[in-house]
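Look over the model shown here. The paragraphs below walk through it, one region at a time.

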Amino acid sequence: MDESLCIICGTVKKGTEEHIIPKSLGNESLKIYCVCKECNSGLGANVDSYLVNHMFTQIIRQSLGLKGQSGEVPNPFKKGYDREGNIVHVNGDFVPRTLPRLEQVGTKVRITAPSRELALTMLRKKLSRQGFSDVQIEQYIERENIIREENVHHPEIRYDMTVDLNKFYLSALKIAYEYGYHKLGKLFYNDETAQYIRMILFNASNGNFDYTYEKVRLLPSFMTHIIEKAQGVNCHMLFLHQDTANQLIVDVILFMTPVLSFSVCISNNALKYRIGNEFITEIVPIQ
Ligand SMILES: [Zn+2]
């Protein structure tokens with residue numbers, strides 16, 4: 001790849017393959033080659049990651065069997081919490097597993113483990129470390145009858161489903177900006193709004209989230225009604241169009257899912273792009 005202008009940091013550097021919609025969301029086709037290596041990995045780590053790893057997204061990725069960078073299909077239910085706030089791990093077969101714990105309560109030892117066997121193993125280790133012989137340990141276990149079995153097979157598991165919308169918006173902003181450049185080129189690069197978006201993305205790619213952009217929002221409800229009808233269709237969609245206020249808009253619709261659908265203003269001067277009433281549409285198959 002030749003040296004070219006990086007559309008994130010604005011310096012002339014060697015371009016790398018940048019997926020406009022993150023690769024781990026199944027996008028293999030919509031790519032640009034005008035983002036330098038440093039910005040590319042910075043965007044991946046600081047901008048794409050929240051969206052890609054969020055529980056909403058992971059549930060969809062899991063249902064579609066989409067592998068991430070690690071080559072693994074994510075398990076969104078991996079880490080939950082039980083009533084007491086203890087971490088519960090749930091494996092791919094949805095079998096919850098409480099992390100074994102050993103606590104000293106006064107002179108007693110309390111062991112929380114998913115099975116009697118594991119609890120005993122932990123107790124034996126603990127006693128052995130305190131200098132008890134194997135025979136003494138077995139006698140102790142028999143005499144004290146300390147293991148009280150509880151039903152730990154179906155604990156109520158709670159998940160943290162909070163959404164930091166600003167971080168979702170940032171991911172959408174990146175997609176919209178890169179798509180704008182992909183379709184409109186240099187004219188867009190010099191746009192005042194594009195310059196501001198670029199500054200935000202460059203800072204965010206370096207872990208600085210101080211700057212925000214107001215003109216990203218969830219897709220308006222009349223649009224999401226249409227999307228809901230198309231759920232289950234295996235694609236993402238991008239629309240580039242002009243609104244009645246002379247703004248240039250990119251609608252970013254991921255997995256045809258309303259909560260992952262955004263509307264981003266990428267220019268306040270749409271007229272100069274001469275799009276008219278056209279909807280420039282990109283259908284990105286999920287692979
Ligand atoms: Zn760069």
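**A loop residue, then the rest**

Met 256 is buried, with a relative accessible area of 6%. The cut-off for buried is under 20%, so Met 256 falls within that class. This is a predicted model. Met 256 sits in the loop between S11 and S12. Its backbone deserves a look too. The phi angle of Met 256 is near 50 degrees, a positive value in a residue other than glycine.

Leu 260 belongs to the loop between strand S11 (248-253) and strand S12 (261-267). Leu 260 has a relative accessible area of 0% and is therefore buried. Leu 219 is 41 residues away from Leu 260 along the chain, and their C-alpha atoms are separated by 8.7 Å.

Now step back to the loop between strand S10 (235-242) and S11, where Asn 246 is found. Asn 246 also has a positive phi, near 65 degrees, and is a residue other than glycine. Is Asn 246 buried, exposed or partly exposed? Its relative accessible area is 22%, so Asn 246 counts as partly exposed.

Turn next to the metal. Which protein atoms are the donors of the zinc ion? They are the SG atoms of Cys 6, Cys 9, Cys 36 and Cys 39, lying 2.3 to 2.4 Å from the ion. Along the chain, these donors follow the spacing C-x2-C-x26-C-x2-C.

Why is the arrangement of donors around the zinc ion tetrahedral? The four donor atoms subtend angles of 101 to 118 degrees. For reference, the ideal angle for four tetrahedral donors is 109.5 degrees.

Cys 6 and Cys 39 are both buried. For Cys 39 the relative accessible area is 4%, which places it in the buried class. Cys 36 has 1% relative accessibility, so Cys 36 counts as buried as well. How many disulfides are there? The count comes to zero. The rule asks for a pair of cysteine sulfur atoms within 2.5 Å.

Ser 29 lies in the loop between S2 and strand S3 (31-36). Its relative accessible area is 44%, so Ser 29 is partly exposed. Ser 29 and Ile 283 are 254 residues apart in sequence, yet their C-alpha atoms are 10.0 Å apart in space.

The helices close the tour. Helix H5 (residues 165-184) packs with H7 at an angle of about 130 degrees, and their axes are 10 Å apart. That angle makes H5 oblique to H7. An angle over 145 degrees would be needed for roughly antiparallel. The crossing of H5 and H7 is left-handed.

Glu 192 is part of helix H7 (residues 192-205). Is Glu 192 buried or exposed? With 71% relative accessibility, Glu 192 counts as exposed. Glu 192 and Asn 269 are 77 residues apart in sequence, and 9.1 Å apart in space from C-alpha to C-alpha.

Technical notes:
Residues numbered from 1 in each chain as written. Predicted model: local features only at pLDDT ≥ 70, side-chain atom pairs only at ≥ 80, totals over all residues. Heavy atoms only, no water. Donors = N, O, S within 2.8 Å, 3.2 Å for Na, K, Ca; no water. Tetrahedral: all angles 85-135°; square planar, octahedral: opposite > 155°, others 65-115°. Buried < 20%, exposed > 50% of the residue type's maximum accessible area, 1.4 Å probe, protein only. Helix = DSSP H or I, 4+ residues; strand = E, 2+ residues; numbered from the N terminus. Axes fitted to C-alpha atoms, helices over the stretch in contact; angles between N-to-C directions. Parallel < 35°, antiparallel > 145°, perpendicular 65-115°, else oblique. Left-handed = near helix turned anticlockwise from the far one by under 90°.
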